[in-house]
Amino acid sequence: MTAPRVSFVSLGCPKALVDSERIITRLRAEGYEIARKHDGADLVVVNTCGFLDSARDESLAAIGEAMADNGKVIVTGCMGATPELIREKHPGVLAITGPQAYESVMAAVHEAAPPAHEPFVDLMPPQGVKLTPRHYAYLKISEGCNNRCSFCIIPALRGDLVSRPAADVLREAERLVKAGVKEILVISQDTSAYGVDVKYAPSLWQEREVRTKFLDLARELGEMGVWVRLHYVYPYPHVDEVIPLMAEGKVLPYLDIPFQHASPAVLKNMRRPAHQEKTLERIRRWREICPDLAIRSTFIVGFPGETEEDFGELLDWMDAAKIERAGCFKYEPVAGARANELGLDEVPEETKTARYDRFMARQQAISASLLKKKIGRRLPVIIDEAHGTSARGRSQFDAPEIDGAVHISARRPLRTGDIVTVKIDRSDAYDLFGQAV
Ligand code: SF4
């Protein structure tokens, strides 16, 4: 079992390069590996240039090479505007899309080489993200994982942790910001472990050495003047060091920590990292330093061996931790995962469903009461979808696709990607409502 691999050829002007960057960023975020050679990759994407005859010839030659070496080729970019020219020479290409058609490229990639989907740990929905966002981007900082959670096959699929050098990640972030991205979502399988594999080796960024380390990366990203959101962080002690950056407004006061459960027995069976940490105590201390901190997490109910008592512990933990956002999955065996061989009792389907419903009801009540406290506040909100003087956006406490929304009305027309101040005047279980000021 391996992750799908995409070989990428980028031709043309700086604008085309930005498109390539965006597509590669998305591919990485969805779990594709970027291959160095066409040969052996699952498919090739050629981002073409059609500005001059010579550029067109170069593009056609690059497509020909990809067809010969691999045979599964998706063409995008400026030459996509004249598909007949491409088809005439290379009738076998899988798909042709025009410049900046990220969504069509991703759809063609999904069709030719479906992404490897890991139900409990994927940040991306299996069908990919809905919007064609240009104002936010997922930035993947490492591949693979050193943990061995029993329900997960990612280490088998992608191998151990391989961190990208800090300078490499920062260069990608800088290019994204230059291309208009206003919010960077840092992702990996275990963001807090970033750099462990390379012993935090430094690399050169803007004439200074930056260590390949969670804190150092967060600090540098925090200087880029955009929203920086951290996903897949485990509650290790060194995470404490990042909280002051949140209190200072350098990175968003938001932590996505996949706790998955709260019962020590279940966490042990899950072989979760940091399962012995005293998470409630840690959360309390973080909130002391950064009172606005929003925590989002996911949980699995009905894991083999989960008793009513274990589940009760989870609900008690939820009551005590009062985290802002929580998603829940009913456990289903993942083919190839070790959890299937632990010899633990399966939880009956109706018990799983009942626990799921009880969990969601509890979280909904917590979410509703926390959101009510935001009424009257003025919050910065990034706009995801604008329709004249009304819009749908997100506060700093909400990540795209997985968290809640802020519904905005305004006196002036709003634009997607703008960050506006919104006075909150109403809330419900998951969303906020207010006026742009
Ligand atoms: S931390 Fe656990 S669940 Fe997440 S990728 Fe690694 S092994 Fe899988």
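This is a predicted model: local features need pLDDT of at least 70, side-chain atom pairs count only at pLDDT 80 or more; totals for chains, interfaces and linings use all residues.
**Entry 1: division of the chain**

I began with the domain bounds, and found the protein chain divided into domain 1 (5-112), domain 2 (136-372) and domain 3 (378-436).

**Entry 2: the open sheet**

I traced the strand order of an open sheet of five strands and noted it as β2-β1-β3-β4-β5, with parallel pairing. Which strands stand at the edges? I noted β2 (33-35) and β5 (95-96), each of which has a single partner strand, so that one side of each is left without a neighbour in the sheet.

I next followed the pairing of β1, which covers residues 5-10, with β2, and counted three bridges in the parallel sense. Within this pair I marked S7, which stands opposite A35 in β2. As a reminder to myself, strands of a sheet pair through backbone hydrogen bonds, either parallel or antiparallel.

**Entry 3: helices across the sheet**

I looked at which strands each of two helices covers. Helix α1 (residues 14-29) lies across β1, β2, β3 (43-48) and β4 (73-77), and its direction is at about 170 degrees to β1. Helix α4 (residues 102-112) lies across β1, β3, β4 and β5, and for this helix I noted an angle of about 175 degrees to β4.

**Entry 4: where domain 1 meets domain 2**

I turned to the contacts between these two domains, and recorded seven residues of domain 1 in contact with ten residues of domain 2. Which element gives the largest share of the side of domain 1 that touches domain 2? It is α1, with six residues, and this is the helix that I had already placed across β1, β2, β3 and β4. By class, I listed two nonpolar, one polar and four charged residues on that side of domain 1.

**Entry 5: strands β16, β17 and β19**

I then moved to β16 (residues 378-387), which is joined by five bridges to β19 (residues 419-427), the two strands running antiparallel. In this pairing R378 stands opposite K423 in β19. I also followed β16 to β17 (residues 390-395), where six bridges join the two strands, again antiparallel, and where V381 has S395 in β17 as its bridge partner.

Note on methods:
Residues are numbered from 1 along each chain as its sequence is written. Two strands pair if DSSP finds at least two bridges between them. Helices (H or I, at least four residues) and strands (E, at least two) are DSSP runs, numbered from the N terminus. Axes are lines fitted to C-alpha atoms, for helices over the stretch in contact, and angles run from 0 to 180 degrees between N-to-C directions. Domain bounds come from an automatic or database domain assignment. Ala, Val, Leu, Ile, Met, Phe, Trp, Tyr, Cys and Pro count as nonpolar, Asp, Glu, Lys and Arg as charged, and the others, Gly among them, as polar.
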